[in-house]
Amino acid sequence: MWRVWAIYLVLAANLSEEQVPKQACPSCDATQLCNCSSMGLDFIPQGLMGKITVLNLSHNRIEHIRSQDLQQTVNLRALLLQSNKISSIDEDSFHSLGKLELLDLSNNSLARLSPVWFEQLFSLQHLHLQGNSYRDLGESSPFSSLRNLSSLHLGNPWFSTIRRGNFEGIELLDKLWIDGGNLSQYEPGSLKSVKKINYMIINLRNTNLFSAIVSDLLHSVEWLEVREMKSEKAKPRLAQNSTRPFRIRKLTFKDSSVTDQYVSQILVLLKEIKSLQEIEAIDCVLQGTGSWNMKEITRSGKSSIQTISLVNIIIPSFHLFTDLDGIQSQVTNLKSLTIASSRVFMVPCRLARYFSSLLYLDFHDNLLVNNRLDETVCKDAWPSLQTLNLSQNSLKSLKQTAISVTRLPKLINLDISQNNFGDIPDVCEWPQTLKFLNLSSTQIPKLTTCIPPTLEILDVSANSLREFGLQLPLLKELYLAKNQLKTLPGAVSIPNLVAMSVRRNKLNSFSREEYICDSPQTVRGAQVGAVHLSLMECHRSLMVLLICVLVFLVILVLVGLSHKYHAVWYLRMTWAWLQAKRKPKRAPAKDICYDAFVSYSENDSDWVENIMVRELEQACPPFRLCLHKRDFVPGKWIVDNIIDSIEKSHKTLFVLSEHFVQSEWCKYELDFSHFRLFDENNDAAILVLLEPIQSKAIPKRFCKLRKIMNTKTYLEWPLEEEKQEMFWENLKGALKS
């Protein structure tokens, strides 16, 4: 009995195996890179070769990964399975992938993660598990065997729990991304086992977990980015149970919302983290008016933070925002401040004076106007500032802008691009220390001595400049792109220039004596005026392009002429002539099918078909006529039809008229009949003139035909009815001869 069952099971297994539809990936054949993405596959294709190193199966409908699916792909380095419907994976499906470095299982339907899947992936560096449906990582660590893991991305909208031990085995990570938007439970110490994380992103709406997570990361993470957090009140301490020394250098808040109370508390708490040097907020909302607890902030001591960057900050009650009086203890050590795309229109003078150590200030893409800038950059404000970015604001007066920045005694770099100055004065006052000035896209029509002579770098791109004649003896870099220049600047006025950008101008001349050749290599260092290069040497790429264009045009012209003058047709016709010349002069009598082949113009078809054909084919005995409309073989090349019809006809009857000599097809028929009819046997041709026609109207290349018309008698269709009877008798006699 057991033998029967064994046979049954074997047969059932074989049958089920045969019933699986064989899906294949056409790009997998004999290649190391196999792209099977978006092919509607329901499972991993069979027969994958061992030489494959990259297998892309993303965006299909795969639901299950079987043990044997990837068994042969032992050299696989990257396996992309994202955006399928994978809900189950056999435990040993990945066991043969010891060389795998990238595994992407994101955006599938995995309800759990098994440590067994990954236990043989000793080379794995990048693992993507986000966008599935698992709620936790299990009771232990799924990643304990992944000693070479460099980046890990996990989490999903249902991910709710992180337990101690979930990250055991991971020591060093370049990037960790946890999508924990709905994380509700975090066991303290869960992330402490990771010794080093260069960059970590965590989506975290539950602010109650923020302190515990940050506390576990202070010793390991260098840059922490927190997203989607909505905070009203911070926990009392961040570094209370943290392992020291702290490693965190940068903290970023993105797509988050905070209150005045939270800002007050976090400013105090972050002072405990002495390693923290940079705070960044991007696309955040401040629900408040700046009513921060300045007494508590001041009492907690000075901040060690040196860089603050605020980009696209929205303050709904901005019109009620305070001047932040009392914040000086937090900004005196600040070295870099960026407030961009945040609708800032001024900084109170008293607050600006507190930034005594600030070296870099970026106010680009805001609402600063000249009178507000005058207050923002007041006397004794920003005393150490070296770099100022005021691009994309609403400044209108270049002269007033220059006066304002003269209050910055250490200013070196100034960017005032993308302001609408429109005009430029003859004289301006600038800081004596200024070396870099960006005036690009400011709509200035010319350059005057308003430009400071101390500059080493000047950018005046994208204006309406027509010339450049400034004396700038220290200038090293000059950017003049996208202007209206017709000649290059003279080198005498800018003797120390090293680099110049002049693309997208209208240049047509420059001083040859002042410029030195850089290329070709054979003339490098020589004055331009002393070098004489051929057009090919100067514009090699252009010449190659021109030659290609000329060749293309010649080919195009030849094709056009061939089409116009039927060159291809004549070539084929010549070949047909050669073939015809090799045949006997006359076809055997048994092959003659017609009394005459009729060549005529379509414009004369009414006379031919309704008068001549009826008269001849209804005669007694009837004549057999070959007409192209009626007797040509359908689908056969017309040249072959003409030759065959002439050869199978006793005579060839030409119905000549003005239409005939103007008809291309009639000319072709004359061409084909010319050799056989007019070489030695000109009596095979019967000429019928429907209307008077001069022999000179016949194409000159048919010299023998012209000669026949001049020497032989031809039949002329009479208009008088009494003469038409004689015409038919003569024609019938000619056909019978």
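**Phe 159**

I started at Phe 159, which sits in the loop between β8 (151-155) and β9 (161-162). This is a predicted model, and I read it as such. Is Phe 159 buried or exposed? Its relative accessibility is 0%, so I put Phe 159 down as buried. Then I looked along the chain to Ser 184, 25 residues apart from Phe 159. The C-alpha atoms of the two are separated by 8.6 Å.

**Largest pocket**

Next I turned to open space. I noted about 1,200 Å³ in the largest pocket. I counted 44 residues in its lining. Which of them lie nearest the centre? I wrote down Trp 292, Leu 310, Phe 321, Leu 324 and Ile 339.

I then sorted the lining of this pocket by residue class. There are 35 nonpolar, 7 polar and 2 charged residues.

At least two lining residues each come from β16 (257-259), α4 (260-269), β17 (278-282), β18 (285-287), β19 (307-311), α6 (328-331) and β20 (336-340). Helix α4 gives the largest share, with 4 residues.

**Second largest pocket**

I moved on to the second largest pocket, with about 480 Å³ of space. Its lining holds 16 residues, and Met 500, Tyr 515, Ile 516, Cys 517 and Val 528 are the closest to the centre. By class, I have 13 nonpolar, 1 polar and 2 charged. Which domains contribute? Domain 2 (335-506) and domain 3 (512-537) each supply at least three residues of this lining.

**Salt bridges**

How many salt bridges does the whole structure hold? My search gave 20. I picked out a few.

I took Asp 69 and Arg 66 to begin with. Their closest N and O atoms are 3.0 Å apart. Both Asp 69 and Arg 66 are buried.

Then I checked Arg 112 with Glu 91, where the closest N and O atoms are 3.2 Å apart. This pair links distant parts of the chain, 21 residues apart. I placed Arg 112 in the loop between β6 (102-104) and α2 (115-118), and Glu 91 in the loop between β5 (88-89) and β6. Arg 112 has a relative accessible area of 47%, so I class Arg 112 as partly exposed. Glu 91 is partly exposed too, at 33%.

My next pair was Glu 278 and Lys 250, with closest N and O atoms 3.6 Å apart. Glu 278 is in strand β17 and Lys 250 is in strand β15 (residues 250-254), so the bridge ties together parts 28 residues apart in sequence. Is Lys 250 buried or exposed? I have Lys 250 at 15% relative accessibility, and buried means under 20%, so Lys 250 is buried. Glu 278 has 22%, which makes Glu 278 partly exposed.

I also found a network. Salt bridges with shared partners join Asp 136, Glu 139 and Arg 163.

**Ser 256**

I stopped at Ser 256, in the loop between β15 and β16. With a relative accessible area of 4%, Ser 256 is buried. What does its side chain meet? A polar atom of the Ser 256 side chain lies 3.0 Å from the backbone oxygen of Lys 254.

**Helix α15**

I looked up how covered α15 (residues 638-647) is. Of its 10 residues, 8 are buried, so I call the helix mostly covered. I listed the buried ones as Val 639, Asn 641, Ile 642, Ile 643, Asp 644, Ser 645, Ile 646 and Glu 647.

**Backbone entries**

Last, I went through the backbone geometry. The peptide bond from Cys 620 to Pro 621 is cis, with omega near 0 degrees. Pro 621 is in the loop between α13 (605-617) and β29 (625-626).

I logged Arg 343 for its phi near 60 degrees, a positive value in a residue other than glycine. Arg 343 belongs to the loop between β20 and α7 (349-352).

I logged Ala 462 as well, with phi near 55 degrees, again positive in a residue other than glycine. Where does Ala 462 sit? I find Ala 462 in the loop between β25 (457-459) and β26 (477-479). Ala 462 is partly exposed, at 24% relative accessibility.

Key:
Residues are numbered from 1 along each chain as its sequence is written. This is a predicted model: local features need pLDDT of at least 70, side-chain atom pairs count only at pLDDT 80 or more; totals for chains, interfaces and linings use all residues. Side-chain values use heavy atoms; hydrogens and water are left out. On a 1 Å grid over the protein atoms alone, a cavity is a set of points where a 1.4 Å probe fits but cannot get out, and a pocket is an open set with protein on both sides within 12 Å along at least five of seven lines; lining residues have an atom within 4 Å of a point. Grid points are joined across faces, edges and corners, and a volume is the space filled by probe spheres set on the points. Ala, Val, Leu, Ile, Met, Phe, Trp, Tyr, Cys and Pro count as nonpolar, Asp, Glu, Lys and Arg as charged, and the others, Gly among them, as polar. Domain bounds come from an automatic or database domain assignment. A salt bridge is a side-chain nitrogen of Lys or Arg within 4 Å of a carboxyl oxygen of Asp or Glu. Buried means under 20% relative accessible area, exposed over 50%, partly exposed in between (1.4 Å probe, protein chains only). A polar contact is a pair of N or O atoms within 3.5 Å; within protein, one must be able to donate a hydrogen and the other to accept it, and residues adjacent in sequence count only if both atoms are side-chain atoms.
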